Amino acid sequence: MATHDFARRQIPLDDGWDVIVAGGGPAGCAAAAAAAREGARTLLIEASGALGGMGTSGLVPAWCPFSDKQRIIYGGLAEKVFQAARQGVPHVPEGQLDWVPINPEQLKRVYDELVTSAGAKVLFQTALAAVEADADGLADTLVLTNKAGLSAARAKVYVDCTGDGDLAVWAGAKFDQGQQGSRELQPATHCFILANVDDYAYAHLLKRHGGREALFAKIIGCGRYPAVLDAHFCNCTIGPGTVGFNTGHLWDVDGTDPMSLSEAMIHGRRLAVQLRDGLAEFAPETFGNAFLVATGSLMGIRETRRILGDYVLTIDDWLARRTFPDEICRNAYFIDVHTAKSEIEKSRKDSDLVVKRFERYKPGESHGIPYRCLTPRGLRNVLTAGRCISCDRPVQGSVRVMPVCLATG
């Protein structure tokens, strides 16, 4: 290990890497595995203690669709992860490709095996602290922080899979964030798990209660659960008597602001227990004895920065089902931009508001994502993958989900 005089301090420098990937979510795991299996000396740094991001530490309970309604469309490493993860949910029908539940503990081990078997090294509990870059668009050194204090790491190529574009922005990349003009961001969701749910009653829950709008009208209307503001209600069985929830919204959360994130975690835990109690009160046959097992250790952030790349994927590209000569994958997911704060009242009456914003693809339809969306303008040795790739805001609502992140990684 050499030493490097960084910011007038002597800190250890590890410069033995070809590729360093920042962020161990789906995009980062795929990027690290892909680089390592090609023979690159690859380091994957992850701020938490597990790989997988929102599907593991974030407790997102199900995969977004893996098919274009005809076949699996997210192939390669993405399909490998998906099929291995299915082994943890044996209750799911064999042919089901869309909205397949996730067993988060199974998925952690799947990602561990994917990355390490390819030959990449993983450094957990390690956060990116700074990036040293020159004026010519070359990222030189990463500053990391963990239990050993500050250290530096250097590689030939860096891959930003942080979700927020931290590495690229700190290296000098330009970006957009949120709605043009207002900079409003999509709401966040703090996912959670309930156990001791009655499986039979759960299977008939919404039919029994007249739909989710009617059920949530009771929870919201009673006034006893003030954190519950809308009828966002995505959930599925992830194990015996165990239901994972991607439910409820938290507005005005900026995933690039540490104070905003910290306040959201507290608010999210309050919301989770109020949702549990509200469901137990108004659907007692299903949730009367339910136990709040866990809330995510990561906040469910849908949107922050979008790095400006050599190509910006637009809504016109999405609507035209466009193909590109340099495309690296196809995508068939719908435009999933969640409700703005001004739409809370409307969403209580129409919980399908999100899926009605744009036309849906027909079976077999998809669009391409060009490699140029992964190359930040002006940076010579930095790539991006995951939800921060170069696109306009509506398209980000489609490409931000885990199957697409695996494919871009």
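**Entry 1: Arg302**

I listed what Arg302 touches, leaving out residues up to four places away in sequence: Gln186, Pro187, Ala188, Thr189, His232, Asn246, His249, His338, Arg387, Gln396 and Arg400. Contact here means heavy atoms within 4.5 Å. The model is predicted, so local features need pLDDT of at least 70 and side-chain atom pairs count only at pLDDT 80 or more, while totals for chains, interfaces and linings use all residues. Residues are numbered from 1 along each chain as its sequence is written, and side-chain values use heavy atoms, with hydrogens and water left out.

I placed Arg302 in the loop between β14 (291–295) and β15 (305–307); strands (E, at least two residues) are DSSP runs, numbered from the N terminus. Arg302 is buried at 6% relative accessibility, where buried means under 20% relative accessible area, exposed over 50%, and partly exposed in between (1.4 Å probe, protein chains only).

I then checked two pairs. The side chains of Arg302 and Thr189 make a polar contact at 2.9 Å (a pair of N or O atoms within 3.5 Å; within protein, one must be able to donate a hydrogen and the other to accept it, and residues adjacent in sequence count only if both atoms are side-chain atoms). Arg302 and Arg387 lie 85 residues apart in sequence, with 8.2 Å from C-alpha to C-alpha.

**Entry 2: Cysteines**

I searched the whole structure for disulfides (cysteine sulfur atoms within 2.5 Å) and found 0. The closest cysteine sulfur to that of Cys236 belongs to Cys234, at 9.3 Å, which is too far for a bond. Cys388 is in no disulfide either, the nearest cysteine sulfur being that of Cys161 at 7.3 Å. I noted Cys236 as buried at 12% relative accessible area and Cys388 as buried at 0%.

Note on methods:
Helix = DSSP H or I, 4+ residues; strand = E, 2+ residues; numbered from the N terminus.
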